[in-house]
Amino acid sequence: MARIITFREAVNEALLQEMERDPKVIAMGEDVIGGSGAKGEMDAWGGPFGFTKGLYGKFGDRIMDTPITESAFIGAAVGAAVCGMRPVAELMYIDFMGVCFDQIFNQAAKFKYMFGGKAETPVVIRTSIGAGLRAASHHSQSLYPIFTHIPGLKVVVPSSPYEAKGLLIQAVRDNDPVIFCEHKSLHYIQEDVPEGSYAIPFGEANIVRDGGDVTIVAFGLMVQKSMEAASKLAKEGIQCEVIDPRTTSPLDLETIVESVEKTGYLVVVDESNPRCSMAADISAQVSDQAFGSLRGPVKMVTAPHCPPPFSDVLEDLYIPSPNKITEAIRSLK
Amino acid sequence: MNLNETQLLQAYRKMRQIRAFEDRVHEEFATGEIPGFVHLYAGEEASAVGFCMHLTDEDRIASTHRGHGHCIAKGVEINGMMSEIYGRRNGICAGKGGSMHIADLEKGMMGANGIVGAGPPLICGAGLAAKFQKNGAVAVAFVGDGASNQGTTMESLNLASVWNLPCIFVAENNGYAEATSSTWSVSCENIADRAAAFGMPGVVVDGHDFFAVYEVAGEAIKRAREGGGPSLIECKLNRFYGHFEGDAQKYRLKDEVKNLKQSNDCLKKFADKVLDQGLLNKKHLAEIDELVAEEIDFAVNHAKSSEKPNSADLLTDVYVNYP
């Protein structure tokens, strides 16, 4: 029987099941309980987006509010991971990573290598990404390519509630540091999600839709937009294959290349800014590995090279839309 | 003083090991055989040893770019360290870390660090882990006067206090952050004065005096172990070499280091005290000096004759697993 829950509930359930399974899993972040030290209720918020609501009642001290101190608490999560815990830290917006980036890319990412293989850092940093909430330049970016660039990090960009639950469970069990990017426009979408625990392996792309005419590779919310575009084009007789790589690092290039060998065309849809993006990265790798199969140029549908704007008119122009995706595909045919 | 003869010998031996290790690395670096960036700890030995004498392998420390002394004090094996500094495959980090990244987690040594001020947040995490693991362990972050001005350090002092973590923050004020004097870069008279702002004890101690450091360290560590929370200790001390090997140190006075070596050498002070008070005799110290000289000789020869990593090593240990 179907059980329809939201992306937010799916993430909450994954955290709950993993904290029940393994006492080494702890959670921390700003207002992940909400109310620490205040006179009113504890667990007033359960995180700024409500993702951790109820965990305090079940796990008590294993979930911790932090001061607004990203360098210290992200570093503490990294340090605790090296010392045998499995922390899941919530960093409200990926835009705030600048404040604590050193602890992620110089510390967590490099311990294993720098220390000759003798360290493991099983930390998960959950963060929200994406435009669409009129939240402007400091609360709307999709910075996952920056983390994808760093050897030692794994980067997850889930595209639906089902995906979010299985990928987060994998992230918590994974022994490398994981950046888990939750798109804000996905928070309240709903889908059938199994109640039981399940893990989706990293580096295995999901072929969301089969098609023989053109390959679309998309991440996070862009998978949903690509599916809309694919439905439209199907009515015109163009069959799109939509691939959700699920993780940008590791990246399942093999599935993408196989699809391009079949379709001859590739469109990469990425809400990040275009330079050094996943779109640019996948375009380059496919050109290298499947050049002979390509029957047209690789198309990148991305945000433009500007910060996310505030005004609705401008932000709507900024975000890749189903129309932009269909235009890009029609330009190939 | 509650140190028995064995502990005194151990303290002297550790400090002598650090001094001899650093003096020798200084000499060898000058020959051009040691690659990369090297920052030496000579002159500061009483701080590392004064703290680490209280610690077990379960207790964790985080160090700095000037980390050799903390490693030796925490029990990291000297041959592995020297091989690492020479970039050899049998180095403690397989030749992938070098001087600035020596670590040995089994000894509770969470790494020297190339980033100034990176250690304190990590040590909050080590303290947090100890709380969950209920093993009574403490976590010690060594920082310099330079890192004492970093936001990460101040954030960590606050977080350790808010979470009541078993952490000790040790500010080793050697007078210079690179080439800039701490009398200029630190906005208050003592780094330890900042402890008040974070609701924890702050203590200034003469970092040339092993016995003073040992006592202050013992109190702070005991307090942390018993759930009393974090402390900030400032060791005022000096470095005998430059910021890095190759630093001409023009920012120091002409005879500054020479005078310091005469008046403020922690090893001399230690020896004078134990001999004056009849706690150890000259033979004890001479035996250790000789033994340590042999150990360091062996470590250097061992490192020089060890093989370098091979091309297959380049891509190993980036991840635990990566499909």
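Domain bounds here come from an automatic or database domain assignment, and the model itself is predicted.

**Figure 1. The two domains of chain A, seen together.** For chain A, the assignment gives domain 1 as residues 4-192 and domain 2 as residues 206-330. Taken over C-alpha atoms, the centres of domain 1 and domain 2 of chain A sit 27 Å apart. Where the two meet, domain 1 of chain A puts in 26 residues and domain 2 of chain A puts in 23 residues.

**Figure 2. Chain A as a whole, for orientation.** Chain A carries 12 helices and 14 strands. Along the principal axes, the C-alpha atoms of chain A fill a box of roughly 60 × 45 × 45 Å. How does the radius of gyration of chain A fit with what a compact globule would have? Chain A comes out at 20 Å, which agrees with the value near 20 Å for a compact globule with 333 residues.

**Figure 3. Helices α9 and α10 of chain A, where they cross.** Helix α9 (residues 253-263) and helix α10 (residues 278-290) of chain A have axes that come within 10 Å and cross at roughly 60°. That angle is why α9(A) counts as oblique to α10(A). As for handedness, α9(A) makes a right-handed crossing with α10(A). On the α9(A) side, the contact is made by L253(A), I256(A), V257(A), V260(A) and E261(A). Facing them from α10(A) are I282(A), Q285(A), V286(A), Q289(A) and A290(A).

**Figure 4. Chain B up against chain A.** Between the two chains, 37 residues of chain B are in contact with 37 residues of chain A. Which elements of chain B give two or more residues to the side that touches chain A? They are α5 (119-133) and α6 (151-162) of chain B. Of the elements, α5(B) gives the most to this side of chain B, with 10 residues.

Note on methods:
Residues numbered from 1 in each chain as written. Chains lettered and ligands numbered in written order. Predicted model: local features only at pLDDT ≥ 70, side-chain atom pairs only at ≥ 80, totals over all residues. Axes fitted to C-alpha atoms, helices over the stretch in contact; angles between N-to-C directions. Helix = DSSP H or I, 4+ residues; strand = E, 2+ residues; numbered from the N terminus. Parallel < 35°, antiparallel > 145°, perpendicular 65-115°, else oblique. Left-handed = near helix turned anticlockwise from the far one by under 90°. Contact = placed C-beta atoms within 7 Å. Rg over C-alpha atoms; globule rule 2.2 N^0.38 Å.
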